[in-house]
Structure formats: C-alpha cells, structure tokens
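Please keep the sequence and the 3D view open while reading.

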Amino acid sequence: LTTAAMALAMTATAQTATAACDDGEIVIKFSHVTNTDRHPKGIAASLLQQRVNDEMNGKACMEVFPNSTLYNDDQVLEAMLQGDVQLAAPSLSKFEQFTKQFRIFDLPFMFKNIDAVDEFQTSETGQAMKESMTRRGLLGLQFWHNGMKQMSANKPLIEPTDANGLKFRVQNSDVLKAQMAALGGSPQPMAFSEVYGALQTGVVDGQENTWSNIYGQKFFEVQDGTTETNHGIIDYLVVTNVDWWESLDADVREQLGTILREVTEARNAESTKVNEEAKQAIIDAGGTVRTLTPEQRAMWVDAMKPVWEQFKDDVGQDNIDAAQAINA
Ligand code: LMR
C-alpha cells in the first residue's frame, strides 16, 4: 500500500472502531489475534463487547479488533503501555518479557486438562499471578481458557522421533523452544498471523495449537494431519494498563469488572466444548486427525518432560508439586 492508501485505510478502521462510541464515553479498545466464531477467546471477546455496549451505554463503549487487525501479540503489550489499547488477552506464553512465572503453563504435560488449569489458577498462587506484573504497568484481570495443544506437521507424527529435524513454529517462549528442541525439532518463533503462510510455503514444517486455532486459521488445510497429543495448554490473561484501570471512576471500574467476571465464568465453562466442536469441524472439512495409543503417548511424555528440569527454578518446585497434586 502507498502511504496515502494506508492513511485512508486507517481512517476507515478508526471510523468503524468508534461506531459504538458516543461523545463522552470512555473508549475501551480490545485487541486480539484469533477469529471470532467457534473460538473460546473470539466468542468471549464478542460477548464482552456486547454486554459493555448494552449495559454501560453513556459511560463506556468497547470496540473489539480480532484477527490481529490492530496489533499482533508481539506489539499489543507495548501498545497497552503507551495507552493505545486498553484490553488484550494474549496467551500466557506471550508474557516472556514481563514475568517468568507463567512458564509453568507452557511446560509440556504439566496439566492434564483445562479443569486442572482452572483449579491451579483459582488457588492463591494462581490469583497472585494476575498481579505479578503491576510494577511493569500491566494488571491481569481474569484468566480465559482456550484448550489443550495438539501437534501437526507436513508428515504423520506418531512417535516423537517423527518430529526429528522438522521446523516447528512456536510462540516466542523459551519453554516452547526447549520443548521442540527436546524432540530434535528446530523451533521457529513467529507471530500467529504468519503461521498459515509459513506452513503453506514450507518455511516451517509443523506447529502446535488448540483445535479451535487449527480450525480457525485453517492450519489443517496445509498440513498432512494433526495428532491428538494433548501435550500442553493454551490459556489467556485478560490484561489491562494499571494506570488506565486506576484512572476509572470506582463505579465504572466495578461495573466493567463485574461484566468481565460474568463473561469469564460463562465462557470458560464452554471452552472445552468449543474446541471439541472445532475438532469435529476439521474432520468434517476433510482434515486428518490421528490419535495415539497409550504406549505411543507415553513416548511423547518421555521425550518432552525432561524440559521441566531446565525451568524448575523459574517456576518453583512447590508450584510444580501443586499442579501435579491437582492432576492426581
Ligand atoms: C498462538 O500464537 O498460537 C496463540 O497464542 C494464538 C492465540 O491467541 O490463541
């Protein structure tokens, strides 16, 4: 695009962006990277927008920018600190620059399902994590769930040695890089919005993600198949700028906080179902889904779990023990 065309496009975006906003209302921009349908985060963000615009009319208005149309995850937290966006819900793997505490959520096979993640987050330790970045200007408001990660590649992945020598896109997280290295793969950090193209052109051979992301971004169309490994999780932190949050009138902050909590409870309860539906939609669209025998899955556990040792000091043995107690 020429500069002029870009300026025009940006004006058009700005106009749609403020369509719900009247003079005098507090503008709440929420930027995220996924699609809006059949996606736990997309659905939750849309519901939040609708409720804020209905119930806070005259006081505040929310505009959601999905699909990385405003910022990708590498940019959004900086933009938030600059005051250009007020809410975002990056995956917990994206807070690498701000805290090492969230590394526990990236460790492979740490949580057996999303209920276990929920229970850990509800604990005192989990709740304290929301405030672990306030010194850096970010405040976590709620955890939002996506689901369990699966592995896909341009060849069948049945045993961990099948991943040997493959290039895997990962989110920019040291744990995820180490995990792919443990498989003999080559980790390639990349923004979510670029993954489809990279898979299609062979810049990378494979990736890991939830069913809803594999479906929503159509990764299955440019992969040989997806193996149901359930080896890790993708979960989110709805995050805001501390100064902005504290600048709100108490009644506005309270009402927004209540709506967000109610949306969180309602949508987190549905996240597993949304992912199951996305998995079925992949199969219905002709995508290949492979399951592992218990023996095969045990081989993936053996290959990846040694990564815990490298990050034990960052996440704390007591937290690992607490997470494991929940799985039991
Ligand atoms: C990814 O980058 O793969 C995910 O974090 C995207 C998302 O927000 O689910």
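How do the residues of the shell around the ligand divide into nonpolar, polar and charged? In this predicted model, the shell divides into 3 nonpolar and 6 polar residues, with no charged residue.

**Ligand surroundings**

- The residues around the ligand are Val-33, Thr-34, Ser-91, Asn-146, Gln-171, Phe-192, Asn-209, Asn-213 and Ile-234.
- Two members of this shell, Val-33 and Phe-192, are also in contact with Asp-73, as are Pro-90, Lys-94 and Ala-191, when the neighbours of Asp-73 within four places in sequence are left aside.

**Strand 8 and its partners**

- Strand 8, which spans residues 225-241, is mostly covered, since 14 of its 17 residues are buried.
- Strand 4 (residues 138-153) pairs with strand 8 in the antiparallel sense over 13 bridges, and within strand 8 it is Thr-226 that stands opposite Ser-152.
- Strand 3 (residues 87-88) likewise pairs with strand 8 in the antiparallel sense, over 2 bridges, and the bridge partner of Ala-88 in strand 8 is Val-239.
- Strand 9 (residues 289-291), by contrast, pairs with strand 8 in the parallel sense over 3 bridges, and Val-289 in strand 9 is the bridge partner of Thr-226.
- Thr-226 therefore has a place in two pairings, standing opposite Ser-152 and bridging to Val-289 in strand 9, where two strands count as paired if DSSP finds at least two bridges between them.

**Packing of helix 2 and helix 11**

- Helix 2 (residues 40-55) and helix 11 (residues 250-268) pack at an angle of about 145 degrees with their axes 10 Å apart, and their crossing is right-handed.
- From helix 2, the residues Pro-40, Ile-43, Ala-44, Leu-47, Leu-48, Arg-51, Val-52 and Glu-55 meet Leu-256, Ile-259, Leu-260, Val-263 and Arg-267 in helix 11.
- By class, this contact has 10 nonpolar residues, 3 charged residues and no polar residue.

**Two buried residues in helices**

- Trp-211 is found in helix 9 (residues 211-216), and it counts as buried because it has 28 C-beta neighbours inside 10 Å.
- Not counting residues up to four places away in sequence, Trp-211 touches Gly-147, Gln-150, Asn-275, Ala-278, Lys-279 and Ile-282.
- Trp-211 and Phe-143 are separated by 68 residues in sequence and by 19 Å in space, C-alpha to C-alpha.
- Asp-73 is found in helix 3 (residues 73-81), and it counts as buried because 22 C-beta neighbours lie inside 10 Å.
- Between Asp-73 and Gly-147 the separation is 74 residues in sequence and 18 Å in space, C-alpha to C-alpha.

**Loop residues with positive phi**

- Most residues other than glycine have a negative phi, which gives a background for the two positions that follow.
- Arg-38, in the loop between strand 1 (26-31) and helix 2, has a positive phi of about 50 degrees although it is not a glycine.
- Because Arg-38 has 16 C-beta neighbours inside 10 Å, Arg-38 counts as partly exposed.
- Asn-67, in the loop between strand 2 (60-65) and helix 3, has a positive phi of about 55 degrees and is not a glycine either.
- Asn-67 is partly exposed, because 16 other C-beta atoms lie within 10 Å.

Conventions. Residues are numbered from 1 along each chain as its sequence is written. This is a predicted model: local features need pLDDT of at least 70, side-chain atom pairs count only at pLDDT 80 or more; totals for chains, interfaces and linings use all residues. Axes are lines fitted to C-alpha atoms, for helices over the stretch in contact, and angles run from 0 to 180 degrees between N-to-C directions. Helices (H or I, at least four residues) and strands (E, at least two) are DSSP runs, numbered from the N terminus. A crossing is left-handed if the near helix is turned anticlockwise from the far one by less than a right angle, and right-handed if clockwise. Two residues are in contact if their C-beta atoms, placed from the backbone, lie within 7 Å. Ala, Val, Leu, Ile, Met, Phe, Trp, Tyr, Cys and Pro count as nonpolar, Asp, Glu, Lys and Arg as charged, and the others, Gly among them, as polar. A residue is buried if 20 or more other C-beta atoms lie within 10 Å of its own, exposed if 12 or fewer, and partly exposed in between; C-beta atoms are placed from the backbone. A residue is near a molecule or strand if its C-beta atom, placed from the backbone, lies within 6 Å of it.
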